[in-house]
Amino acid sequence: MSFALIDANSFYVSCEMVFRPDLQGKPIVVLSNNDGCIIARNAEAKALGIGMAEPYFKIRNQLRQHGVVVFSSNYALYADLSNRMMHIMRELAPQVEVYSIDECFADTRGIGDLCVVGREWRAIINQCTGLTCGIGFAPTKTLAKLANHAAKKWPATGGVVDLSNPARQKRLMHLLPVDEVWGVGRKLSIQLGEYKIRTVADLANADPKWIRKRFSVLLEKTVCELNGKSCLAIEEMAAAKQQVIASRSFGRPVTAIEDLSEAVAEYTARAAEKLRHEDRLCSMIHVYGQSYGQPYRNVGRSVILAEPTCDTRDLVKAALSQIGTIFQEGTAYKKAGVMLSELVSPHNLQQSLFRRSDIRNDRCLMSVIDYLNQAKRHSVRLAAQGIEQRWGMTRDHLSPAYTTKWSDIPTVK
């Protein structure tokens, strides 16, 4: 077996720079929802000591003094460039598993010189998307993760590292702390440290049976993978989702039941769109709201549907039926959300004898709405979702949707 891990460097920041070449060499950060805290930084920003998850309001003046360029999260842009990158990889490799928005695994069996191939892949991705990637090759997924880390950490590698050679694997494992291993977080690394397992090499040399007994079978597999025994295969088909969630913090405190209803309707419509994309139906919907300060209020209600559906109209109706039990007069809400659960496939569904309409016609209508909304968000929506949406997210530093909105397509002069 042979695997590659392809990971875009500083993905959110890189997406912002694709259409802003004038920002090359400048420190850049990307903010979370409602411009809350820093969730992405480029190397120049890191060099200034700007930490991950720093609240924006606390360091706003510091960023301004250092000339740091600030962006609000532009999810439409990030998702589109991610899709382009994954599409390219599916054309280059025989099997691809999308692991996250900015990284994927590829099966490299039968491919020639891996370093040469890696450099070719990097060049093609950069030419077609403007993104720069690090690529790691290895006999297992876990080792490929380590190889990718080395490719991004040390510029001298040219962004490509091949860990097919066991001697190179051992040298690298002695250099890296154990928390660099895929699946070993800070808490687990502290527990491993109590047994003097502090480097990746220490974990690789541990007895797998003892690891399984003391920790878990997953960590036992990790030890096996570090020793070149592949336990994790490429998964081309993602596992069917068990839940679909849509939630956001509000841009300002919500104190009116009308605004809370609009927000819940909007989030339900988004969740329904995701549900249809997954080709699933929902049997239960959970609605919740969270408040600011005192009195603190975190209330949720669930509704079991008469029959599974992916129809936005039915789901919004069910969600709004619970607003009266969630809302409390005099409470300032900071967040709301919906969760669709008890998901089933529409292809083996026993339909109700007393259903008011044909489910196929409903799904056809929803497909048309989704198609129209792909071209322009909110082309078609329910009145319950509101027009102004005064509660919407704060995004004062939002860049244009260069690739998904006609009016934002850049003009070259």
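This briefing covers a helix pair, a pocket and a sheet. The model is predicted. Helices α6 and α11 pack at an angle of about 70°, the second largest pocket has a volume of about 830 Å³, and an open sheet of four strands shows antiparallel pairing.

**Helix pair α6 and α11**

- The axes of helix α6 (residues 141–153) and helix α11 (residues 217–226) lie 7 Å apart, at an angle of about 70°.
- Because angles of 65 to 115 degrees count as roughly perpendicular, α6 is roughly perpendicular to α11.
- On α6 the contact is made by Lys141, Thr142, Leu143 and Leu146, and on α11 by Thr222, Glu225 and Leu226.
- These contact residues comprise three nonpolar, two polar and two charged.

**Second largest pocket**

- The volume of this pocket is about 830 Å³.
- It is lined by 33 residues, of which Asn9, Ser10, Phe11, Ser14 and Arg41 are the closest to its centre.
- Two or more lining residues come from each of β1 (3–8), α1 (11–18), β3 (38–41), α2 (43–47), β7 (133–138) and α6.
- The most is given by α1, with six residues.
- By class, the lining divides into 14 nonpolar, eleven polar and eight charged residues.

**Four-stranded sheet**

- The strand order is β9-β12-β10-β11.
- Strands β9 (244–254) and β11 (298–309) are at the edges with a single partner strand each, so one side of each has no neighbour in the sheet.
- From one strand to the next, the twist averages 15°.
- Eight bridges join β10 (residues 282–291) and β11 in the antiparallel sense, and Cys282 stands opposite Thr309 in β11.
- Helix α12 (residues 257–277) packs on the sheet and touches β9, β10, β11 and β12 (333–341). The direction of α12 makes about 155° with that of β9.

Key. Residues numbered from 1 in each chain as written. Predicted model: local features only at pLDDT ≥ 70, side-chain atom pairs only at ≥ 80, totals over all residues. Heavy atoms only, no water. Axes fitted to C-alpha atoms, helices over the stretch in contact; angles between N-to-C directions. Parallel < 35°, antiparallel > 145°, perpendicular 65-115°, else oblique. Contact = heavy atoms within 4.5 Å. Nonpolar A, V, L, I, M, F, W, Y, C, P; charged D, E, K, R; others polar. 1 Å grid on protein atoms, 1.4 Å probe; cavity = no way out; pocket = protein on both sides within 12 Å on 5 of 7 lines; lining within 4 Å. Points joined across faces, edges and corners; volume = space filled by probe spheres on them. Pairing = 2+ DSSP bridges.
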